[in-house]
Amino acid sequence: TLTEFSRRVNSFRLGATGDRGRHHLQANVRHDDYSDFGAATTGLAAYGFDLDPRWRLSLQWANAFRAPSFNDLYFPFFGNPDLAAERSRGGEVALRYGGDDATMRLAVFRNRTTDLIVYDPTTQMAGNIARADIDGAELIATARIADWNLQGDISVTRAADSTTGERLLRRAPYKLHVAASRSY
């Protein structure tokens, strides 16, 4: 059980992007050293290919580390000082269209997380889920019509405890968002 109420984090990050003709690359690496949870190195690698001037296909892979917040650890009647840090890895494939007055992005993603930090309603405390799978797809579209900016996005997500197969609480399986704005 941790009882330390202070935290020191030393971080270093490095990133690079590059374009060569129809090819686009991005690479990032980050190293964090937490006084209470140890060190973690994370990264992202992405590649995009222009199918033509308006369409791009992209692939992305990344991993992540999340130390529990002080609220997760110590908030009265909720915190759990025995929490483990969360670690994940995931990938995405996306197709993007970029026109003069409209954009569209369709992406399919898959994430695998160990020690996912969640609120557990049975214990009424923060807890860890040993392994979680989050898979889904999202479609985002924007358009400019006259003086109006329109946006719509929809996502379908399957988030489950990979040990039990049960759906994760507080994660909507469907999301829809529509917005319109205009400057006067």
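Predicted model: local features only at pLDDT ≥ 70, side-chain atom pairs only at ≥ 80, totals over all residues.

Colleague: What volume does the second largest pocket have, and which residues are the closest to its centre?

Modeller: The second largest pocket has a volume of about 290 Å³. Its lining is made up of 16 residues, which divide by class into 6 nonpolar, 6 polar and 4 charged, and at least two of the lining residues come from each of strand 2 (23-34), strand 3 (38-50), strand 4 (55-66) and strand 5 (86-98). The residues closest to the centre of this pocket are Q26, A46, G48, R56 and S58.

Colleague: Which element gives the most to the lining of the largest pocket?

Modeller: The largest pocket holds about 380 Å³ of space, and among the 16 residues that line it, V118, Y119, I129, L168 and L169 are the closest to its centre. Two or more lining residues are given by strand 6 (102-120) and by strand 7 (125-145), and the lining as a whole has 7 nonpolar, 3 polar and 6 charged residues. With 4 residues, the element that gives the most is strand 6.

Colleague: Which side chain of opposite charge is nearest to D161, and how far away is it?

Modeller: D161 has its place in strand 8 (residues 148-161), and, leaving aside neighbours within four places in sequence, D161 is in contact with I129, R131, E166 and L168. Although D161 is buried, it has no salt bridge, a term that requires a side-chain nitrogen of Lys or Arg within 4 Å of a carboxyl oxygen of Asp or Glu. The nearest side chain of opposite charge is that of R131, at a distance of 7.5 Å.

Terms used: Residues numbered from 1 in each chain as written. Heavy atoms only, no water. Buried < 20%, exposed > 50% of the residue type's maximum accessible area, 1.4 Å probe, protein only. Lys, Arg positive; Asp, Glu negative; His and termini not counted. Contact = heavy atoms within 4.5 Å. 1 Å grid on protein atoms, 1.4 Å probe; cavity = no way out; pocket = protein on both sides within 12 Å on 5 of 7 lines; lining within 4 Å. Points joined across faces, edges and corners; volume = space filled by probe spheres on them. Nonpolar A, V, L, I, M, F, W, Y, C, P; charged D, E, K, R; others polar.
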